[in-house]
Amino acid sequence: MKVSNINHHEGGRMRPMSFIFSTAWGGVLAECNENGLCRLDLPQKGLVAQGVPISPLEKEVAAQVRAYLHGELRQFSLPLDWQVLGREGGFFRRVYQACAAIPFGHVLSYQALAELAGSPKASRAVGQAMAKNPVTLVVP
């Protein structure tokens with residue numbers, strides 16, 4: 001996989017910049033744009049760091065993920081690009097935003113999350129949204 005830190009314009013909007021940074025659990029692929037974090041994969045052994053976190057946001061993503069994985073951080077304070085995260089539709093965005101509000105260590109059923117997202121009968125759709133969640137460490 002080729003990864004770079006270069007911004008690319010796409011229809012007047014900056015495409016996310018991708019980079020891979022190392023952690024004790026493996027490499028982590030992250031994507032950020034001018035509005036915030038767009039994607040954060042789980043650590044993978046064998047994934048080698050490529051590109052260097054250069055922007056303040058990229059550096060903060062790497063620092064917070066490392067601190068979280070070391071048990072030193074319980075809540076992320078990273079800006080998220082809700083437009084990109086909700087590209088599957090407004091429902092997904094509402095689900096991710098509701099999930100992001102769940103305190104560390106608490107658990108909700110998909111039914112309860114559907115209610116928080118404003119669609120109480122959509123627990124299956126919540127499951128689909130969470131299966132496609134591009135930032136599972138930040139919005140678990």
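I looked up Cys 38 and found it buried, at 1% relative accessibility (buried means under 20% relative accessible area, exposed over 50%, partly exposed in between, with a 1.4 Å probe and protein chains only). The model is predicted, with local features needing pLDDT of at least 70 and side-chain atom pairs counting only at pLDDT 80 or more, while totals for chains, interfaces and linings use all residues. Residues are numbered from 1 along each chain as its sequence is written, and side-chain values use heavy atoms, without hydrogens and water.

Next, disulfides. I searched the whole structure and got 0 (a disulfide is a pair of cysteine sulfur atoms within 2.5 Å).

Cys 99 is among the residues nearest the centre of the largest pocket, together with Ala 100, Ile 102, Val 138 and Pro 140. On a 1 Å grid over the protein atoms alone, a pocket is an open set of points where a 1.4 Å probe fits, with protein on both sides within 12 Å along at least five of seven lines; lining residues have an atom within 4 Å of a point. I counted 24 lining residues.

Last, strand E3 (residues 17-23): I found 6 of its 7 residues buried. A hairpin of 2 residues joins E3 to E4, and the two strands pair antiparallel over 7 bridges (pairing needs at least two DSSP bridges). Ser 22 has Gly 27 in E4 as its bridge partner.

Methods:
Helices (H or I, at least four residues) and strands (E, at least two) are DSSP runs, numbered from the N terminus.
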